[in-house]
Amino acid sequence: MLFSVLARKAYARNLQYRGAHMIHNVSSFMFGFVYVSLWAGIGESHSLGEYGVQGMTAYIAFNQASLWLVLFITNGLGMEQSVRTGQIALDLMRPVPLFLHKMYREWGQIAYQFVYKFLPIYILYFFLFSIPVPGKLSVYGWTALSLLLAAYISICMNYLIGAAAMWTTESRWLYWVNYAFSMLLSGFFIPLEWLPAWLRQLSWLTPYPYLLYVPVSLFTERTTPAALPAALFWCVLFTGLCLLATGGMRRKLEVQGG
């Protein structure tokens with residue numbers, strides 16, 4: 001019950017800023033439009049392989065919308081600021097696991113961004129570029145599952161970034177390093193099969209392809225659900241790391257003054 005309340009409150013809090021977020025949607029769409037235009041220009045003189053111009057447009061549209069679910073996660077789940085203000089001491093004292101507390105609040109925000117960012121952005125691309133969509137319901141189900149796993153992986157990664165503030169005070173740089181790797185190794189800028197062989201192989205040793213490349217490949221029916229067990233492996237691994245990090249934070253915490 002408590003965790004569902006946390007998620008609902010996070011969702012309701014964001015409702016107060018719907019107008020501003022609609023402006024963000026326009027900006028996000030324009031960035032995607034630039035990417036579509038670049039690939040359309042490249043496609044006039046070069047082959048885009050099995051994608052083609054329309055395939056790349058569909059690829060970009062889904063990725064641009066999915067950014068709000070799997071990459072635009074709260075920096076460190078807000079834990080860096082809590083460390084700097086001392087709020088983290090109260091958070092750790094609560095009779096609620098810190099990881100679950102932060103995770104469910106973030107799920108509320110992700111739910112909001114699905115309704116007010118993912119859907120509007122993708123629908124806009126769908127009508128402007130006549131993007132083809134899958135005809136099988138199973139494809140939507142597997143894609144939804146892959147996005148849930150991707151969002152969970154991203155939540156865990158940001159939790160670890162936030163936890164690092166207990167030792168470094170300032171962990172914002174880790175957020176941007178993670179963001180940079182996410183953009184390159186998740187297949188956002190370019191499909192992974194077009195990367196140099198060594199970089200493509202390296203990317204598949206990381207969790208990043210499961211953030212964007214696998215979901216979009218499932219949605220465009222370029223891959224099968226066989227890729228999902230690996231995503232689940234990363235979820236389990238990161239869950240263990242987050243729990244270990246929480247234990248380390250409790251041992252590291254110092255409360256001074258009175």
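Q: Which residue does E50 form a salt bridge with?
A: In this predicted model, E50 pairs with R222, and their closest N and O atoms are 3.9 Å apart.

Q: Where do E50 and R222 sit in the chain?
A: E50 is in the loop between helix 2 (18-45) and helix 3 (52-70), and R222 is in the loop between helix 10 (213-219) and helix 11.

Q: Is E50 buried or exposed?
A: E50 counts as exposed, at 59% relative accessibility. R222 counts as partly exposed, at 33%.

Q: How many salt bridges does the structure hold?
A: There are 4 salt bridges. One of them joins E80 and R172, with the closest N and O atoms 3.9 Å apart.

Q: What is K102 linked to?
A: K102 belongs to a salt-bridge network with D91 and R94. The K102 and D91 side chains meet at 3.7 Å, N to O.

Q: Switching to helices, how do helix 7 and helix 11 cross?
A: The axes of helix 7 (residues 137-168) and helix 11 (residues 228-252) come within 9 Å and cross at roughly 25°, which makes the two helices roughly parallel. The crossing is left-handed.

Q: What kinds of residues form that contact?
A: The contact of helix 7 with helix 11 has 22 nonpolar, 4 polar and 1 charged.

Technical notes:
Residues numbered from 1 in each chain as written. Predicted model: local features only at pLDDT ≥ 70, side-chain atom pairs only at ≥ 80, totals over all residues. Heavy atoms only, no water. Axes fitted to C-alpha atoms, helices over the stretch in contact; angles between N-to-C directions. Helix = DSSP H or I, 4+ residues; strand = E, 2+ residues; numbered from the N terminus. Parallel < 35°, antiparallel > 145°, perpendicular 65-115°, else oblique. Left-handed = near helix turned anticlockwise from the far one by under 90°. Nonpolar A, V, L, I, M, F, W, Y, C, P; charged D, E, K, R; others polar. Buried < 20%, exposed > 50% of the residue type's maximum accessible area, 1.4 Å probe, protein only.
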